[in-house]
Structures are given as C-alpha cells and as structure tokens.
Amino acid sequence: TYIVFAGKVFIQVLGIPMGGNSSSPIADLTLAKREFNFMLNLLKSKKFSLAKILSKTRRYVDDLITTNYLNFESLIKQIYHPSLEMERSGNDNKNVNYLDLNISIQPSKVIVSVYNKTDDFNFSVVSLTFPQSNIPLEVGHNVFYSQILRYANICTEFETFLFNLKKVFQKLIERGYSNSNLVDIIKRCLNKNSLVFQKYAILDNSTILDQFV
C-alpha cells in the first residue's frame, strides 16, 4: 500500500490499510489460519485438555474473549505473529468488557449488561440524531427502537435494562424528540417482541411504560 503525503510517497510495510473493502476479511482469515495451525499442533502434540479449553475462545475480527483459562496471554506469541500487539481490557478476571458487553461473574450467576466505551471518554460523543437535522425523523425513531431491543437482548437484569433505556430516552428528549412518540415506540417494541422481554418476568408493559409517563 502506497500513501502520498506532503509530496512524499510512503509504503506501508506492516499490516493492511484500515477501511478497505477487503481489509476486514483479510485480517479475519489471517488470524483464523494462525489459530487453526496452533490448535492443530496442540492435537498433534496430544495436548487435548488445552485444546478443549481454548476451543471455547471466541474472536470477533481482532477482539478476543477466553473463559476458564488464566494463562492465555502466555500463548499469544505462539499463536499470532510477533508484530501483532494485543492489549488486555482490564485486570479483573471476573468482570470484563467485550465488544458492547460488560460481563460480570457473580458467585451464583453471570450478569451481562451494556458497555459503551465512549462512556469512558472525557468528552461527549454525538451518537444519536437530532430531530431538526436533515436526517429523516423516522431514522431517529428506528434507531431508538433498535436500541430498546438491543438492551433487552443484552441485559440479563431488568434494572440494568431500564437504566440504559432511561439514559437514551433522556438524551433524545434533550435533543427535542417528542416524549409521546418515544413512549409509543417503546410500547410498539414491547408488544412486537414480547418473547424477548419474558426473561424479566414483568406482569405487564405498564411496569416499563409508567417509568416514562
């Protein structure tokens, strides 16, 4: 890959350009091949126990999560190319942020809630549309609908679901969205996806809707 900057031509000698149509598939396939080779070598070496434990490791492009194995960091250089630097997210083995999830291992259960890395920034990030903008109002309403459903699918606890719903609801109200329209969207989402909300064991939708009246 060649880049022209300030009248000079630079060549990228490490990695692939970000944002290209093929960049993500190339990265994914490259990592998958190295992981496959490592697992194959474990089986050939008859290290079946380690292979079984690592088979529970999951990766989304370049984000990894592994369970029940505290020494994964010691294997990184054996699996991946030395030029690939991996950074651990936090130091708590029982509470970790992975993609848009916060996963907390409690004595009697696993609690999953929403994680948004922009919450850790010391500046605000504009992530939702304004009703006065050139973007159609329906787009903002559809985004709100999708967030309700996303929170419900992610959050194992009703309290954390409600907390995140109130947070995005309040942000949209501050931007000028109609309270009644947003409440109608919540109602429509609850009615259309009742199976998703069954895990919260709420008696009726008013348990949620009364929070926004």
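Leaving aside neighbours within four places in sequence, Leu-182 is in contact with Phe-144, Phe-169, Leu-172, Ile-173 and Tyr-177, where contact means heavy atoms within 4.5 Å. Leu-182 sits in helix α6 (residues 179-192); helices (H or I, at least four residues) and strands (E, at least two) are DSSP runs, numbered from the N terminus. The relative accessibility of Leu-182 is 0%, so this residue counts as buried. The classes used here are buried for under 20% relative accessible area, exposed for over 50%, and partly exposed in between, with a 1.4 Å probe and protein chains only.

The structure is a predicted model, in which local features need pLDDT of at least 70 and side-chain atom pairs count only at pLDDT 80 or more, while totals for chains, interfaces and linings use all residues. Residues are numbered from 1 along each chain as its sequence is written, and side-chain values use heavy atoms, with hydrogens and water left out.

Searching the whole structure gives seven aromatic pairs. Rings of Phe, Tyr and Trp (its six-membered ring) pair if their centres lie within 6.5 Å; planes under 30 degrees apart count as stacked, over 60 as edge-to-face and the rest as tilted. For Phe-144 and Phe-169 the ring centres are 6.3 Å apart and the planes meet at 55 degrees, so this pair is tilted. Phe-144 belongs to helix α4 (residues 137-154) and Phe-169 to helix α5 (residues 158-174), so the pair ties together parts that are 25 residues apart in sequence. Both Phe-144 and Phe-169 are buried.

Phe-169 has a further ring partner in Phe-212, again in a tilted arrangement, with 4.7 Å from centre to centre and 55 degrees between the planes. This pair links distant parts of the chain, since Phe-169 is in helix α5 and Phe-212 is in the segment after α8 (206-209), 43 residues apart. Phe-169 counts as buried because its relative accessibility is 6%, and Phe-212 counts as buried because its value is 5%. Elsewhere, ring pairs join Phe-158, Phe-161, Phe-197 and Tyr-200 into a cluster.

At the level of the whole protein, the fold holds eight helices and seven strands. Its radius of gyration is 22 Å, well over the 17 Å that the globule rule gives for 213 residues, so the protein is more spread out than a compact globule. The radius is taken over C-alpha atoms, and the rule is 2.2 Å times the number of residues to the power 0.38. Along the principal axes, the C-alpha trace spans about 60 × 60 × 30 Å. Of the 213 residues, 27% are buried. Among contacts with a separation of 6 or more, 52% come from residues 24 or more positions apart.

Most residues other than glycine have a negative phi. Ala-6, however, has a positive phi of about 55 degrees and lies in the loop between β1 (2-5) and β2 (8-11). Ala-6 is exposed, with a relative accessible area of 68%. Val-61 likewise has a positive phi, near 55 degrees, and is placed in the loop between β3 (58-60) and β4 (63-65). With 24% relative accessibility, Val-61 counts as partly exposed.

Leu-70, in the loop between β4 and α3 (76-79), is exposed at 61% relative accessibility. Leu-70 and Asn-93 are 23 residues apart in sequence and 8.0 Å apart in space, C-alpha to C-alpha. Ser-194, in helix α7 (residues 194-197), is partly exposed at 40%. Between the C-alpha atoms of Ser-194 and Asn-71, which are 123 residues apart along the chain, the separation is 42 Å.
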